[in-house]
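Let us learn to read a protein model together, one feature at a time. Please look at the picture before going on.

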Amino acid sequence: MIAETVCSAVAAAGLGIAAVTAYRKRFLAAARTAAYALVPLGLVMTGVVEWAADTAFSPTAWAGFGVLGAAWALFATTRAVERRRGGGTRKERRAAARSAPAAGVAPAASAPSLGQGARPASRPAAAPRATPSDDFSDIEAILKKHGI
């Protein structure tokens, strides 16, 4: 009962502040203040405040919060043990399962055997990568060109 009275008084005070703000021609701020002021009134009217008050003083509700905490602790503990054993994350386990070869298929059987005509043209050989000394020779040439 007291909580409902306090929420109603807060809503009335907030609406009064919104009216003063609107009188000062700050309509956007007044509308925002009125919106915030109406929240406690709406909570009282829907019964949320009464439910919260009943829950705060109920031993059964607190026992329920304890059960929820125990369930969370079990989830966290099992997850930590799973990670410590090397189970990894779900993505890591899926990647490991995909990379493992299939037991019923031979390794060479992954390519279709349709003959030479069905294969795409071979790619040209990639140019050999430059060694670090080749990279520095280009830099040296540029520096010599500029007289450095």
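Q: Is threonine 55 buried or exposed?

A: A residue is called buried when its relative accessible area is under 20%, exposed when over 50%, and partly exposed in between, using a 1.4 Å probe and protein chains only. Threonine 55 has a relative accessible area of 15%, so it is buried. This is a predicted model, in which local features need pLDDT of at least 70 and side-chain atom pairs count only at pLDDT 80 or more, while totals for chains, interfaces and linings use all residues. Residues are numbered from 1 along each chain as its sequence is written, and side-chain values use heavy atoms, with hydrogens and water left out.

Q: Where is threonine 55 placed, and which residues is it in contact with?

A: Helices (H or I, at least four residues) and strands (E, at least two) are DSSP runs, numbered from the N terminus. Threonine 55 lies in helix H3. Contact means heavy atoms within 4.5 Å, and, leaving aside neighbours within four places in sequence, threonine 55 is in contact with Ala61, Trp62 and Phe65.

Q: What can be said in the same way of threonine 21?

A: Threonine 21, which is found in helix H1 (residues 2-23), counts as buried because its relative accessibility is 13%. Not counting residues up to four places away in sequence, threonine 21 touches Arg26, Ala29 and Ala30.

Q: How many helices and strands are there in the protein chain?

A: The protein chain has six helices and zero strands, and its pattern, read along the sequence, is α-α-α-α-α-α. Of its 148 residues, 9% count as buried.

Q: What should helix H4 span, and how far apart are its end C-alpha atoms?

A: The expected span of a helix is 1.5 Å times one less than its number of residues. Helix H4 (residues 59-84) has 26 residues and should therefore span 38 Å, which agrees with its end C-alpha atoms being 37 Å apart. After H4 comes glycine 86, whose phi is positive, near 100 degrees.
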